[in-house]
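Me: Please pick out one part of this model and take me through it closely. Keep it brisk, and give the cut-offs as you go.

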Amino acid sequence: MSGTYLGMPAFPRAAALSSQDKTLRGNLRHATHTIRAKRAKAVDELADWDRLREAGAAVKNRTLRHLDHYLEQVEAAVTAAGGQVHWAADAAEANRIVTGLVQATGETEVVKVKSMATQEIGLNDALAEAGITACETDLAELIVQLGDDLPSHILVPAIHRNRSEIREIFRDRMADWGRPAPDGLTDTPAELAEAARLHLREKFLRAKVGISGANFVVAETGTLVVVESEGNGRMCLTLPETLISVVGIEKIVPAWQDLEIFLQLLPRSSTAERMNPYTSMWTGTSDDDGPRTFHLVLLDNGRTDTLADTVGRQALRCIRCSACLNVCPVYERAGGHAYGSPYPGPIGAILTPQIRGTDSELDASLPYASTLCGACYEVCPVAIDIPEVLVHLRERVAEGGEVTRRGTRVKVKPAKGHAAERAAMRASRWLLDRPGALRAGQRALSRSRRFHPKRMPGPGRAWTDSRDLPPAPAESFRDWWARTRGEGRNP
Amino acid sequence: MSSKDVVLSRVRKALADVPDDEQPQDVPVPRSYLRVHGERTAVGTVALLADNLEDYRALVHHCTGDELPGLVARLLADRGARTVVAPGGLPEGWLAMAVADGVERVPDAPDVTARRLDAVDSVVTGCAVAVAETGTLVLDAGAGQGRRRITLVPDHHICVVRVPEQVVDSVPQALEQLDPTRPLTWISGPSATSDIELDRVEGVHGPRVLEVVLLAG
């Protein structure tokens, strides 16, 4: 990947550019609206959805409150099953470990399963510096890699590209990486998928090293779980001789039984399916089936700093389903790149400033990239109160205070008069200048009224100590005006 | 200090708010969610499995033990398959008629490389358990299922499910029956992608045709 998030402008400036891009906005609108309706249908099939959601949040809370215990349990179980466990305090250390492991095999090409953790640490660039080519094998990651582009969505990293753009990328770039695109390639999705199948098959068959992340790690058994659709994951997890999995320390679930919750919550929230086409589960190594060598790299990289914040900690419950992106009026208009990290949308706006800190103008502006409409909280399968954390982080940017950075308590200064404050103000202005985003946000606020707390989160708590928070109106003023005075037209 | 010590000490410092005597099981996990969604008979459960498999574009067939060899032979012939992978422990009879018709039987063995599998047309396996509510087959590398790669590289997979005994209603019931120490593959329809405009397209890297035979009696 030649693209980089480094040095990206703060959210409002990036969003001001991206929201002018008509193709991008059309692509995002089409994709997010398609998946929203499907998700709602898949969720409605389960009468106990709210109870599953409550259980999912509780299991993750149990894990996080006793993370040291579960990390040691994971290490013991994976080691007992024939795997080797490595610990990485930050991105640089994780990259060093993985690079060393690949070099020890003597290979210069690896195949990769789509993984947010390896995106976050910039693993492909680190491998490239060591002369190792990392081939992305997820269709969307392949589109991003061939296009020298950056991912813009957690589930569908190439969501900003439509089918004709994808055809162009395949036609122009596939030959540089291996088997060229077939002659006369059209832009039908089936033909594009076939072109990817042919291009990648040769790489799978010769691969000696596979690199993955994991959706879940079961502490009591040492089992890793990868949830996918295309079969590229299965290829990378079973054909190579060596498998290296880079996994954030928050991906643990305590017990085998806990998977019954997440295997129901995740597919319906992410691809809106009863079940995704393929799920792989493996525990260490097995005789004659799959890789003979298995390495698990446990990654901190800011997660323990996030854990130290008792309000922000809940962001670590995230199972990376991307439902919050798909319902967010700000994401729909700004696109994923404006968030300047592999984690875009509402979850990115609370995760990135916590794992990276709010020193940069970009990261300080992220908590402001929201209308606080609450739609993200409503769809979150592990009930992360994203608006609560956004308000909490805004307070930190504006007022300063104690935070944990790389394991040490430090005081951050208020952003007043700083570049960070200017960026934050611009983010708010960007929203107020976008009646569409604001209107959609207000409508979502009305629709999600039953989920609203009676008391305000964060700095507003004192105000609501003796008062109830006024309920959100069933209809926004804009909608009421349009209905009663606007002759049926939208303003 | 090793990196393990660094990470663990950061975790412990971060959790200063958690009381020292709190145990993991002290954090309540309400498990009031349903074990099964809806009530149905064994026949109803098999019917739901068939419906959900078809909904995700698997091709579903029903047969008895006597009919199975003929059905497998016909399904292979319909795809023009000349070679078929047979995992260890697959009942001999299942492929008898296909072999008699001239289909070459390729036994699954450690020396059968991925490249060799890429040249094989089809694979026939059993499964460990099937989940009706989600239309899912789970393979655990046991008898009649083979290594994970044999149901991945060939483009055509025929999976035989003994009904009703191998079918459970729900995901919680399936996990209860499975052994986490075995390599597990959960399959719900042929491989698919939603990566182009979030529209589902069947057929990427795994078998593009998944046929499920529901074997009764």
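Reply: L137(B) has I187(B) as its bridge partner in β9(B). That bridge belongs to the antiparallel pairing of β6(B) with β9(B), which runs over three bridges. Pairing here requires that DSSP find at least two bridges between two strands. Strands are DSSP runs of E with at least two residues, helices are runs of H or I with at least four, and both are numbered from the N terminus.

First, the ground rules. The model is predicted: local features need pLDDT of at least 70, side-chain atom pairs count only at pLDDT 80 or more, and totals for chains, interfaces and linings use all residues. Residues are numbered from 1 along each chain as its sequence is written, chains are lettered from A and ligands numbered from 1 in the order in which they are written, and side-chain values use heavy atoms, with hydrogens and water left out.

Now the whole sheet. It is open and has eight strands, in the order β8(A)-β5(A)-β6(A)-β9(A)-β9(B)-β6(B)-β5(B)-β8(B), with mixed pairing. At the edges are β8 (252-253) of chain A and β8 (167-168) of chain B, each pairing on one side only.

Strand β5 (residues 129-131) of chain B pairs with β8(B) in the parallel sense, over two bridges. A130(B) has V167(B) as its bridge partner there. With β6(B), β5(B) pairs in the antiparallel sense over three bridges. V131(B) is bridged to T136(B) in β6(B). The two strands form a hairpin with four residues between them, and G135(B) in the turn has a positive phi of about 65 degrees.

Which way do the residues of strand β6 (residues 136-139) of chain B point? T136(B) and V138(B) go one way, L137(B) and L139(B) the other, and all are buried. Buried means under 20% relative accessible area, exposed over 50%, and partly exposed in between (1.4 Å probe, protein chains only). In a regular strand, side chains alternate between the two faces of the sheet.

Next comes the step between chains. Strand β9 (residues 278-283) of chain A pairs with strand β9 (residues 184-187) of chain B in the antiparallel sense, over four bridges. S280(A) stands opposite T185(B) in β9(B).

On the chain A side, β9(A) is largely enclosed by the rest of the structure, because six of its six residues are buried. Y278(A), S280(A) and W282(A) point one way, while T279(A), M281(A) and T283(A) point the other. Strand β6 (residues 223-228) of chain A pairs with β9(A) in the antiparallel sense, over six bridges. In β9(A), V226(A) is bridged to S280(A).

S245(A) sits in strand β7 (residues 242-248) of chain A. Its relative accessible area is 0%, so S245(A) is buried. Leaving aside neighbours within four places in sequence, S245(A) is in contact with S212(A), G213(A), L224(A), W282(A), F294(A), H295(A), L296(A) and V297(A). Contact means heavy atoms within 4.5 Å.

The contact takes 98 residues from chain A and 79 residues from chain B. The chains bury about 8000 Å² between them, 56% of it on carbon and sulfur atoms. That area is the accessible area (1.4 Å probe) lost on putting the two parts together, summed over both.

The interface has 15 salt bridges by the rule, which asks for a side-chain nitrogen of Lys or Arg within 4 Å of a carboxyl oxygen of Asp or Glu. E202(A) forms one with R115(B), their closest N and O atoms being 3.4 Å apart. Helix α10 (residues 189-206) of chain A gives the most to the side of chain A that touches chain B, with 13 residues. That side of chain A divides into 45 nonpolar, 24 polar and 29 charged residues. Nonpolar covers Ala, Val, Leu, Ile, Met, Phe, Trp, Tyr, Cys and Pro; charged covers Asp, Glu, Lys and Arg; the others, Gly among them, are polar.

Last, the setting in chain A. The chain has 22 helices and twelve strands. Of its 491 residues, 65% are buried.
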